[in-house]
Amino acid sequence: MTTDRLVRVADATFRVRTRGQPGSGHPPIVLVHGIGISHRAFSRLAEVLAADDVVHVLDMPGFGDLPRPGHSPDVPAMAELLADVVAGLGDGPFAVVGNSMGTQWAIELACRHPGLVSRVVAIGPVVDERRRSAARQALALAHDCLRETVSANAIVLSDYVRCGPRWYFRQLPHMLAYRPEERVTALRRPLLIVRGERDPVARRAWCVRLRDAAQDGRLVEIAGQPHLVQHTAPRAVAAVLRPFLAADREPSRAGDAEGP
């Protein structure tokens, strides 16, 4: 069963696509896309996960075909709006999975509202503290385009057109200003970082830095994959997510797929 609804919080409009049925015993899953793009970046992963779990795939305000709010909320403000949406989804807490800038919203949500979140997954987290400028991010994204599949690039480019440069560049400073390496130290929920082995945006050293800063962090790399690994290798990502969602263990870094 799939439902599709709009949720308005203040002057911000979200879209929530819910699919799947409970059965695995895992917490319900919330998927949060990154800057410029939409739920379509998660459509393949959502299809795989929905075979066993309830999955809520979001469109964030101003992205996809949604209207732009009258103001441009920074990451903490967007996380507060997101908290209202997640709280209205039903039985929680939720496993919140973000990609790219979506990892910032997911981390901040969990820090501010730990009662809503059971676990956090950061796929291709941004922004690398050594590359925290618009120019360096643009270069990394251009590099990544050469490694993505045709279908992944088609999603990104068409979503960028739908989002439009005005909203993108109003959100970009918030992405660059946020410090995930500082915020994960306050995270009281387990954090799984997932990166494609060939991701030039979320480089390995940066992901190791985030893992080590978290109280309960772990890192898995998907061999041969670029930044949108959840699109290019959805089954591999789902295979990593499922044991993490089911795990009930003390904070530990044992079991990481890769060490420093």
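Predicted model: local features only at pLDDT ≥ 70, side-chain atom pairs only at ≥ 80, totals over all residues.
Which residue in β4 is the bridge partner of Ile29? The partner of Ile29 in β4 is Val55. These two residues belong to strand β3 (residues 29-32) and strand β4 (residues 55-59), which pair in the parallel sense over 3 bridges. Two strands are said to pair if DSSP finds at least two bridges between them. Strands (E, at least two residues) and helices (H or I, at least four residues) are DSSP runs, numbered from the N terminus.

Residues are numbered from 1 along each chain as its sequence is written, and side-chain values use heavy atoms, with hydrogens and water left out.

## The sheet

Let's step back to the whole sheet. It is an open sheet of 8 strands with mixed pairing, and the order is β1-β2-β4-β3-β5-β6-β7-β8. β1 (2-9) and β8 (217-222) stand at the edges with a single partner strand each, so one side of each has no neighbour in the sheet. From one strand to the next, the twist averages 20°.

Helix α2 (residues 75-87) lies across β1, β2 (12-19), β4 and β5 (94-99), and runs at about 40° to β2. For such angles, axes are lines fitted to C-alpha atoms (for helices, over the stretch in contact), and the angles run from 0 to 180 degrees between N-to-C directions.

Is β7 largely enclosed or left open? Here 6 of the 6 residues of β7 are buried, so the strand is largely enclosed by the rest of the structure. Buried means under 20% relative accessible area, exposed means over 50%, and partly exposed is in between (1.4 Å probe, protein chains only). On one side of β7 the buried residues are Leu191, Ile193 and Arg195, and on the other they are Leu192, Val194 and Gly196.

β7 pairs with strand β6 (residues 117-123) in the parallel sense over 4 bridges, and Ala122 has Ile193 as its bridge partner in β7. With β8, β7 pairs in the parallel sense over 6 bridges; there, Arg195 has Glu221 as its bridge partner in β8. Helix α8 (residues 204-213) has buried residues too, namely Trp206, Cys207, Val208, Leu210, Arg211 and Ala213. The buried residues of α8 pack against α7 (180-183), β7 (191-196) and β8.

## How the helices pack

Two packed helices are described by the angle between their axes and the distance between the axes. For α2 and α3, the angle is about 70° and the axes are 8 Å apart. This makes α2 roughly perpendicular to α3. Angles of 65 to 115 degrees count as roughly perpendicular, under 35 as roughly parallel, over 145 as roughly antiparallel, and the rest as oblique. Among the residues that make the contact are Val75, Pro76 and Met78 of α2 and Met101, Gln104 and Trp105 of α3. The contact residues divide into 10 nonpolar, 1 polar and 3 charged. In this scheme Ala, Val, Leu, Ile, Met, Phe, Trp, Tyr, Cys and Pro count as nonpolar, Asp, Glu, Lys and Arg as charged, and the others, Gly among them, as polar.

Helix α3 (residues 101-112) also packs with helix α6 (residues 165-177), at an angle of about 60° and with axes 10 Å apart. These two helices are therefore oblique to each other. Met101, Gln104 and Trp105 in α3 meet Gln171, His174 and Met175 in α6. By class, this contact has 3 nonpolar, 3 polar and no charged residues.

Thr103 lies in helix α3 and counts as buried at 1% relative accessibility. Not counting residues up to four places away in sequence, Thr103 touches Gly98, Ala122, Ile123, Pro125 and Val126. Contact here means heavy atoms within 4.5 Å.

His231, in helix α9 (residues 229-232), is buried at 4% relative accessibility. Leaving aside neighbours within four places in sequence, its contacts are Ala41, Arg44, Thr149, Ser151, Ala152 and Ile155.

Ser118 lies in strand β6 and is buried, with a relative accessible area of 18%. Leaving aside neighbours within four places in sequence, the contacts of Ser118 include Pro27, Pro93 and Phe94. The C-alpha atoms of Ser118 and Ala233 are separated by 24 Å, and these residues are 115 residues apart along the chain.
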